[in-house]
Amino acid sequence: MPNLEAPEQQEDGRDLVLPSQHRHAIASFAPRAKTGRRQRTQDQARLFAQLYLALGHGRAAIGRLIEEEAAHGRAILFAPIYMGLGSIFWFKVDSDPPSQAVLVALLLLTGAFLFKRDAGRLFRHVLFAGMLASLGVALAQWESWRASTVMLDSAVTTTVTGRVERRESYDNGRWRYVVKVDGTEKPAIRRAPERVTIFVRKQAEPFNLGDRIQGRARLTPPAGPALPRLNDFAFSSYFNGIGANGFAYGTPELLSPDGDVTKESLLDQADIWLAGLRNSIGDRIRRTLPGDTGAFAAALVTDERRAISDETTEALRTAGLTHIIAISGLNMALSAGIFYIGLRYLFSLFPGVAQAWPTKKVAAFGALLTVTAYYLISGFGVSAERAFIMMAIMLVAVLFDRPSISLRNVALSAIVILILSPSQVLGPSFQMSYAATLALVSGYTLWKRRQHRESIFSRSRFLSPLLFVSRFFGGVLSTSFVGGASTAIFSIEHFHRLATYGLAANLAAMPIVSFIVMPFGMMAMLLMPLGLDAPFWKVTGEGLELVILIAKTVAGWGGDITFGRQAGWLMPTFIAGFLIMTMLRTRLRHVGLLLLLSAIGAATFNSGVPKPDLMISEDGALVALRQDDILATNRERPQAFIFEQWQKALVAAEHQPPTVLPTDSRLPHVSKADRRRRLSTEEQNAVRKAMEEALDQTMQGSFACQKGAWCVAMLENGAMLVTIEDAAYLPPACDTANIVITPIKLRLDRCRSGAMLFTGATLRRTGSVEMNFDSDTPIISTAFDNPQRPWMRHRTYDWRTGTYGVPIRSASPVNDSGE
């Protein structure tokens, strides 16, 4: 055994001198080595010493890098992250945290952070993170209290009387209205929502804003997740103030045109006036440019996207060009940039003015006014609000001689948005927008820090135009690649799809948008009050036709890859790696790249999300069985809104409709008036026999249906599934099947035979359901375990008693009447 107290000799002959604490640590291994079967060699001791030193040096290097990061003063960059984590925590927990506990935690952490100045840097950063996370929780709770939207508890057909607050056109003469409800009747809704959206078909002349209308409408609560862990549309509806969605039977009656809005507050009056201005601008553009071109141009100005045809919308989505339609950072940046550069160029024509005035700041102020006007007529959409705040901060930075493009400004805009509406942190628009912005600004910062070298080509006058073109398309290529790569995982997570040819489409379309569409569109808007806008809209329309042609061409190549639901760990891991890579300056950012590559690699080879065998919609009307990429349903025409989400989430392209059985004269005829009548013993036996015989007329894993009555299917594990449309068929269904599903709202959760029973009432509380039969006991997953959050509580409301949380009778057997 070597003498560890003496200096060791390295291979190059130099002495390896160990500090005393290291020598003692290594020497502690000597007794163990002597008592072993084989003593340690001198090379093993040297190797251990080298590893020990390397570990110490590594820890010291990481400490130096952390100190260097802290020296850059980037704590402000992490402020929106901690606030967002606090908001996410509040939105994701099963019940509202006590407001008193949230307030106490916020005050204690804030006081500790402000007065504990002598604490270490790491401890103060922990206090900083806790304080902002508590602030995020408090802001989320405050936004929920501020919204307090009354959500419709169950579907109802009623007569609605109200005032039109918003309207939006569709592509074939249909209109969608946001109506402030004054009252309902036949029946009167006990908990009537304050605002509803009503869809009107084939209306020649739309209602004006402020009109009081009345009409018969079918109202339904905002949809929950189509499957567990999919998007909950009720969440966004709650924070948007929409309590129900529906459609009108016929055209509603106009009670009083241009209702009296003077009774409203000044803010509401200004909102109505701006909405009217927005509608008039959209109507004028669509009259000047008919068809999809006009609808596209109007969407760029007013954010009214529903008038674009489904074919064009799908082509833009497949080609990865939908970001052009949304009023987002691209539109705001182009508008501000065009006005800013144009105004500075105009000032340069007058040397005296350029020398006497700070033309840069004047141009920035003019650009700020431009984007403010753009935001006011854009309809206050989520993406428009975020883009406006971001551009406003950047332009204000120019006014105060601060860098306009910086991660600090991006963080400040995120802080403002999280203070105003923290619920946006869960939305795909917020996540994708800030992911692209962070990646682009971080890439721009790295590009500025690199060493630029002049070459003989850059000095040549003849090659300068070619270099300008190459730099422009190189910039478009790089920004499209960085933006597309940074938002890819969010597209997969939220929409379960990815446009693989988006880079090519953006490379072809963005020059047209930058040099034709946006400049001429801005000139048209400036000249619209004078009535001189039509020629400029024509040029804008030509550019948009080229963009649509590019979208349809690229969409024809295919390349729209569908992904299923991803594992729950994927998004947090990707976001953590992405934030580390984009927000740090030192070599520590490479840790983020390792996290990104590890997450993508693991997700590529194994998503870890088992696909369900049985899916039930939240109303019980649609049921599907999955076999590989085939979905067999109990409906010949399944509801597209739900079924398309199932197809994308499960990567199931093919639909297998049920086998419709011929009418059987042996079966009882149950009319709508007889839905609660009791079937005789002979009738029940006939129904049971017909259900059993129906299984012989269809394949395993598919449905056979008596139209308007019931459907049966045999599962892969040998269990029998029955769906019924009428409560009269419930007793024979329970006696025959292992699983019974009905959209009827029966206050029961199991059959008298012990079979599983899913009804409209139980599904209303649990949301959509999926089941997996791989094990002996079926694994059941529901969209909601405890619907007690503000945007879910309407699911537990009982209109009969006017109370929440009426229990379902779980122990009572099903009698012959189904109650």
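Student: How many salt bridges does the structure hold?
Tutor: The model is predicted, and side-chain atom pairs count only at pLDDT 80 or more. A salt bridge requires a side-chain nitrogen of Lys or Arg within 4 Å of a carboxyl oxygen of Asp or Glu. Under these conditions, the number of salt bridges in the structure is 24.

Student: How many residues apart in sequence are the parts that Asp401 and Lys361 tie together?
Tutor: Asp401 and Lys361 form a salt bridge, with their closest N and O atoms 3.2 Å apart. Asp401 lies in the loop between helices H15 and H16, whereas Lys361 lies in helix H14, so the pair ties together parts whose separation in sequence is 40 residues.

Student: Which is Asp401, buried or exposed?
Tutor: The cut-off for an exposed residue is a relative accessible area over 50%. Asp401 has a relative accessibility of 58%, and therefore counts as exposed.

Student: What is the distance between the closest N and O atoms of Arg795 and Glu618, and how many residues apart in sequence are the parts they tie together?
Tutor: The closest N and O atoms in the salt bridge between Arg795 and Glu618 are 2.5 Å apart. Arg795 belongs to the loop between strands S22 and S23, and Glu618 to the loop between strands S11 and S12, so the parts tied together have a sequence separation of 177 residues.

Student: Which helices does the salt bridge between Arg688 and Asp735 tie together?
Tutor: The side chains of Arg688 and Asp735 meet in a salt bridge at 3.1 Å, N to O. Their positions are 47 residues apart in sequence, so the pair ties together helices H24 and H25.

Student: Which is Arg688, buried or exposed?
Tutor: A residue is buried when its relative accessible area is under 20%. Arg688 has 18% relative accessibility, and so counts as buried.

Student: Which residues are linked with Arg163 in a network of salt bridges?
Tutor: A salt bridge joins Lys or Arg to Asp or Glu. The network contains Arg163 and its linked residues Glu165, Glu194 and Arg195.

Student: What is the nearest side chain of opposite charge to Glu143?
Tutor: Glu143 is found in helix H6, residues 121-147. Glu143 is buried yet has no salt bridge; at 4.5 Å, the nearest side chain of opposite charge is that of Arg146.

Student: What distance separates the end C-alpha atoms of helix H16?
Tutor: Helix H16 comprises 14 residues, 407-420, and at 1.5 Å a residue it should span 20 Å. The buried residues of H16 include Leu407, Val410, Ala414 and Leu418.

Student: What is the relative accessible area of Leu346?
Tutor: Leu346 is placed in helix H12, residues 329-348. Together with Tyr345, Leu349, Phe350, Val353 and Trp357, Leu346 forms a nonpolar surface patch with about 670 Å² of accessible area. Leu346 is partly exposed, and its relative accessible area is 42%.

Student: What percentage of the residues in the protein chain is buried?
Tutor: The protein chain has 26 helices and 24 strands. The chain exposes about 41,400 Å², of which carbon and sulfur atoms supply 60%. Of its 819 residues, the buried share is 46%.

Terms used. Residues numbered from 1 in each chain as written. Predicted model: local features only at pLDDT ≥ 70, side-chain atom pairs only at ≥ 80, totals over all residues. Heavy atoms only, no water. Helix = DSSP H or I, 4+ residues; strand = E, 2+ residues; numbered from the N terminus. Expected span 1.5 Å × (residues − 1). Buried < 20%, exposed > 50% of the residue type's maximum accessible area, 1.4 Å probe, protein only. Lys, Arg positive; Asp, Glu negative; His and termini not counted. Areas by Shrake-Rupley, 256 points an atom, 1.4 Å probe, with all protein chains shown as cover. Patch = residues over 30% accessible without salt bridge, like charges linked within 9 Å, V, L, I, M, F, W, Y side chains within 5 Å.
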